[in-house]
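Q: Hi! Could you walk me through this one while I have it open?
A: Happy to, let's take a look.

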Amino acid sequence: MQQQKTRLKHIALAAAILAAAAPAAMAQQTNVSVSGLVDVFAGKLRNAGDTNSRSVVNSGGMTTSWFGFKGSEDLGGGLKANFQLTSFIQADTGTQGRFPGDTLFSRDANVGLSGSFGAFSLGRDLAPNFLPTILFNPFGDSFTFSPLILHTDVPLFNASSWTNSVAGDTGWSNEIRYTTPNFGGLTANLHYQLGEVAGSNGKNNVGLNLLYFGGPLALTAFYHNVEINNPLNSPAGNVQPAGNLPLPSGLSAARQTAWMVGGSYDLKAAKLYATYGQTSHNIDLDDKTVSLGASVPAGQGKFLAGWAQTKRTGTAIGADQKRNTTSIGYDYDMSKRTDLYAIFMNDRITAQNNGNSFGVGIRHRF
């Protein structure tokens, strides 16, 4: 009888140890995935200010091609550790990065924690303007054909001397980013980028954005105050690059404030988009940008239409310009991961040659 009692005690003790060890075992589970996107198109490109059009097979007609790794570890109690390491590529040539000199993991390179408190990350992560801009125009994150993205994030290297109106890259290095929990469809992201310059506290960038998704209605807003050359001084001494292009030589202001508000509404028969934003530099140069767009389901795809207008005023070089860009296209879903697209774009800048562009491409996610 005594041996049976002792045996039962041992079984109970073992069960208790296993029960205590179960959360620890769960906490050691790590999930790592490899993912990416390849987007290549063929066509002709001519932006406003270009002398002639050029025939191309280019990467990133609808989305900049990329690949990378991300993972998370369950630490128990709803707490997770997360990391991302993703790199842009030019799929038409196999070249790493978006432009010469781009860093290896320029899309993402960060680590952080998430839980009931929200999430935070340290490293290279999104800039505050990125999500509000790409989610509230029908062409998404197309740095080739989206009128809103072209005006805000892509400089031109031609007679127009057009500089992107929103200073800085679409990702920030040396960044602390905090994302709030979801409050009934509303989340906020707070961004702070350290300047890493000894004794120079004025070069730190700060920004925030708001994102609301509630049924058919979606709303957004962002604000930033940035040191244009922080933390990486650009070759031209002005704005950092964005999209698939390097830097122009033009804008040389030291700081910029920018804000934008936007919304979309899904009518089922069509999804409508609208944004309005302003940028202001500590030199006399100001931009006001408005955009409108629509996405209309048709067959196994959707028709896309977008328009953006930027009025640039002031006494600085490149001021007193107006730019109007219109794009129309069709995006056909071959599957959940593969789509075909065809897009035509017209681009106009005050006192410059008009430009017409078109492209036909394929995009595949993995």
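**Salt bridges, cores and confidence**

A: Let's begin with Asp 331, which counts as buried because its relative accessibility is 3%.

Q: What does the side chain of Asp 331 meet in a salt bridge?
A: Its partner is Lys 302, at 3.6 Å from N to O. Lys 302 counts as partly exposed, since its relative accessibility is 27%.

Q: Where in the chain do Lys 302 and Asp 331 sit?
A: Lys 302 is in strand β15 (residues 301-314) and Asp 331 in strand β16 (residues 321-333). They are 29 residues apart, so the pair links distant parts of the chain.

Q: Which residues do salt bridges with shared partners join into one network?
A: The network is made up of Lys 302, Asp 331, Asp 339, Arg 363 and Arg 365.

Q: And how many salt bridges does the count come to?
A: There are 12 salt bridges. One of them pairs Asp 169 with Arg 124, at 2.9 Å from N to O. That pair also links distant parts of the chain, with Asp 169 in the loop between α3 and β8 (171-179) and Arg 124 in strand β7 (residues 118-126).

Q: Are Asp 169 and Arg 124 buried or exposed?
A: Both Asp 169 and Arg 124 are buried.

Q: Switching topic: how many residues are in the largest nonpolar core?
A: The largest nonpolar core has 21 residues, and Phe 41, Met 62 and Phe 130 are among those with the most contacts inside it. At least two residues of this core come from each of β1 (30-45), α2 (130-135), α3 (147-153) and β17 (338-349).

Q: What is Phe 41 in contact with, leaving aside its neighbours within four places in sequence?
A: Its contacts include Val 56, Val 57, Phe 145, Tyr 341 and Val 360. There is also a second, separate core of five residues, including Ala 127 and Trp 172.

Q: Which residues make the nonpolar surface patch?
A: The patch, of about 620 Å², is made by Val 111, Phe 117, Phe 120, Leu 122, Ile 176, Tyr 192, Leu 194 and Val 206. Of these, Tyr 192 lies in strand β9 (residues 186-193) and is partly exposed, with a relative accessible area of 33%.

Q: Last one: what does the pLDDT say?
A: This is a predicted model, and the protein averages a pLDDT of 87, with 83% of the residues scoring at least 70. Over residues 3-27 the pLDDT is below 50, and that stretch has five contacts beyond near neighbours in sequence. Residues 232-251 also stay under 50, and the model has 71 contacts beyond four places in sequence for them.

How values were computed:
Residues are numbered from 1 along each chain as its sequence is written. This is a predicted model: local features need pLDDT of at least 70, side-chain atom pairs count only at pLDDT 80 or more; totals for chains, interfaces and linings use all residues. Side-chain values use heavy atoms; hydrogens and water are left out. A nonpolar core is a set of buried Ala, Val, Leu, Ile, Met, Phe, Trp, Tyr and Cys residues joined through side-chain atoms within 4.5 Å. Buried means under 20% relative accessible area, exposed over 50%, partly exposed in between (1.4 Å probe, protein chains only). Helices (H or I, at least four residues) and strands (E, at least two) are DSSP runs, numbered from the N terminus. Contact means heavy atoms within 4.5 Å. Patches are made of residues with over 30% relative accessible area and no salt bridge: like charges are joined within 9 Å, nonpolar side chains (Val, Leu, Ile, Met, Phe, Trp, Tyr) within 5 Å. Accessible areas come from the Shrake-Rupley method with a 1.4 Å probe; for residues, only the protein chains shown count as cover. A salt bridge is a side-chain nitrogen of Lys or Arg within 4 Å of a carboxyl oxygen of Asp or Glu. pLDDT is the predictor's confidence in each residue, from 0 to 100.
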